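Student: I have a model open and want to work through how its chains meet. Can we take it step by step?

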Amino acid sequence: MTLIQDADRKLIAQRFAELTHDVTLHMFTQEHECRWCETTRQIVEELAGLSPKVRAEIHDFLGDPEAVKQYGIDKIPAIAVVGEQDYRIRFYGVPAGYEFTPLLEAILDVGRGDPGLPEPVRAELAKIDKPVHLQVMVTPT
Amino acid sequence: MRAAHKFAMANPLIRGDMVEISEFPHLAVKYAIQGVPQTIINETVPLVGAQPEMNIVQEILKAIGK
């Protein structure tokens, strides 16, 4: 049984056809999968099946400390959305409900290599000269 | 809600996490989350609700003393 419904799969595949760069979803789980890890892994694998440009790479949180360090992962389930470069985009928790659309949009932005921000916002962002960590807290519904 | 990820793409000093807090309840406690969405800037500065991108940038600049 798939988690993403047929009608949605078609729509998502159409959107993924817009991708110009490859996107890798680095998903972090563990051998004895946490409560939501299995669901998260399944969603990531299903998304990867919808476009040759989207790949899923599954990492063991405990067994792959190098990848954990490289992507700065501190809890699971986690997904790093990586394109031509690592744009430091992370999702923690199962990407269903409110997190699902942002995940799709992140894949599209990364696959275009452009976040599509208005010029005035870009100009302000360019003034940031210190490390900034943004955590957006959401709930599934 | 997507601003954090878009901002991360626009400036390499920014990293953007989206966190489903019902799976990480300790973070809801740590950051005293009352409602969602809520954005936490650099572990300390809360930004409540969905806000226009320009507002969020201004809050970030304020948080880093700009």
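**Where chain A meets chain B**

Student: How many residues of chain A are in contact with chain B?
Tutor: Keep in mind that this model is predicted. On the chain B side, 39 residues take part in the contact. On the chain A side, the number is 37.

Student: Which element gives the most to the side of chain A that touches chain B?
Tutor: Four elements of chain A give two or more residues each: β4 (86-92), α4 (100-112), α5 (119-125) and β5 (132-138). The top contributor gives seven residues. That element is β5(A).

Student: In which sense do β4(A) and β1 of chain B pair, parallel or antiparallel?
Tutor: β1(B) covers residues 14-20, and four bridges link it to β4(A). A:I89 has B:G16 as its bridge partner. A:Y92 is bridged to B:V19. The sense is parallel.

Student: Which residue of β4(A) stands opposite A:A78?
Tutor: Look within chain A now. Strand β3 (residues 78-82) pairs with β4(A) in the antiparallel sense, over four bridges. A hairpin of three residues joins the two strands. Opposite A:A78 is A:Y92.

Student: Why is β4(A) largely enclosed by the rest of the structure?
Tutor: Count neighbours: a residue is buried if 20 or more other C-beta atoms lie within 10 Å of its own. β4(A) has seven residues. It is largely enclosed because the number of them that are buried is six.

Conventions. Residues are numbered from 1 along each chain as its sequence is written. Chains are lettered from A and ligands numbered from 1 in the order in which they are written. This is a predicted model: local features need pLDDT of at least 70, side-chain atom pairs count only at pLDDT 80 or more; totals for chains, interfaces and linings use all residues. Two residues are in contact if their C-beta atoms, placed from the backbone, lie within 7 Å. Two strands pair if DSSP finds at least two bridges between them. A residue is buried if 20 or more other C-beta atoms lie within 10 Å of its own, exposed if 12 or fewer, and partly exposed in between; C-beta atoms are placed from the backbone.
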